[in-house]
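Here is a short note for anyone opening this structure for the first time. Have the view ready and follow the points in order.

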Amino acid sequence: MPKTSLVLFDIDGTLLHSGGCGRAATRLAVQDVFGTVGTLDDVSFAGKTDWQILLEALAPAGIAAGEIEKRLAEYNQVVARHLTQIIGGCPVRPCVGALGLVAALRADSAVLLGLVTGNMAGLAPIKLRAAGFDPADFPIGAFGSEGWNRAMLPPLALARANAFNGADFAPSRVVIIGDTPGDITCAHSIGARTLAVATGPFSADELAAHQPDSLFATLEDTGAVLRAILNGQRDT
Ligand SMILES: [Mg+2]
């Protein structure tokens, strides 16, 4: 039986806190691959794709967008290697309620889980494992190496989910869960619903201004979050 609901998770600030190791691994890898970190230390990562972060940090150092694009595959390998080396020393932890929510969704045979994350593809499984998640619970995804704007990612994730499922998900049965305005606005590219959670750098009030379909301080109340994800789809 094909699944009928698609739930797409952001990673940082939504499923887990990486304890600074994402930024640290990025800094090491950018220096290795591009010979400079540019203005990386001044760039906010929240809601952005890793490709976008590279463009912002390296343009002031005179590194052209085309050069960055050519080296993305190499960068993905190098940053994953650095993260693997340092993650054991970082206080990685799941966000409040995230493990319980994923377990509850995984137990629902109508739900397919996936990722829409700004992380390079190589980083996602490393961070997920370190925080206690099984990357195999998220069989499809779109990653920060695949778009310089977050809005480019949901169409990729949806196409992959439809192919994986063998049937198309209705946009009204797709929910994107994230902790930044970028997670909310990127959902517009596929007409998906949005659930915002204020466990990242943005307050509930700041997220509310971007009009998510639902908004939670944390994912702790599994029952209430599940209802917001699934009940809103019942009549569609
Ligand atoms: Mg995030």
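1. A word on terms comes first. A residue is called buried under 20% relative accessible area, exposed over 50%, and partly exposed in between, using a 1.4 Å probe and protein chains only. With that in hand, look at Met120: it is buried, with a relative accessible area of 0%.

2. Please keep the origin of the coordinates in mind. This is a predicted model, where local features need pLDDT of at least 70 and side-chain atom pairs count only at pLDDT 80 or more, while totals for chains, interfaces and linings use all residues. Residues are numbered from 1 along each chain as its sequence is written, and side-chain values use heavy atoms, with hydrogens and water left out.

3. Now the overall build. The protein chain has ten helices and eight strands; helices (H or I, at least four residues) and strands (E, at least two) are DSSP runs, numbered from the N terminus. A compact globule of 236 residues would have a radius of gyration near 18 Å, and the 17 Å of the protein chain agrees with this. That radius is taken over C-alpha atoms, and the globule rule is 2.2 Å times the number of residues to the power 0.38. Along the principal axes, the C-alpha atoms fill a box of roughly 55 × 35 × 35 Å.

4. How much of the protein chain is buried? Of its 236 residues, 50% count as buried. Contact means heavy atoms within 4.5 Å. Among contacts with a separation of 6 or more, 67% join residues 24 or more positions apart.

5. Back to Met120, which sits in the loop between β4 (111-116) and α6 (124-130). Leaving aside neighbours within four places in sequence, Met120 is in contact with Asp50, Leu72, Tyr75, Asn76, Val79, Phe143, Gly144 and Ser145. Met120 and Ala73 are 47 residues apart in sequence, with 9.4 Å between their C-alpha atoms.

6. Asp50, one of those contacts of Met120, also belongs to the buried residues of α2, together with Trp51, Gln52, Ile53, Leu54, Ala57 and Leu58. Seven of the nine residues of helix α2 (residues 50-58) are buried, so this helix is largely enclosed by the rest of the structure. Which helices do the buried residues of α2 pack against? They pack against α1, α3 (65-70) and α4 (72-86).

7. The magnesium ion deserves a close look. Its protein donors are Asp10 (OD), Asp12 (O) and Asp179 (OD), lying 2.1 to 2.2 Å from the ion. Donors are N, O and S atoms within 2.8 Å of the metal (3.2 Å for Na, K and Ca); water is not among the atoms, so sites may look incomplete. In sequence the donor residues are spaced D-x1-D-x166-D. Asp10 is buried at 5% relative accessible area, whereas Asp12 is partly exposed at 28%.

8. Ser18 links to that site through Asp12: leaving aside neighbours within four places in sequence, Ser18 is in contact with Asp12, Cys90, Val92 and Lys127. Its place is in the loop between β2 (16-17) and α1 (21-34), and at 11% relative accessibility Ser18 counts as buried.

9. Finally, Asn162 lies in helix α7 (residues 153-165) and counts as buried at 16% relative accessibility. Not counting residues up to four places away in sequence, Asn162 touches Ala167, Asp168 and Phe169.
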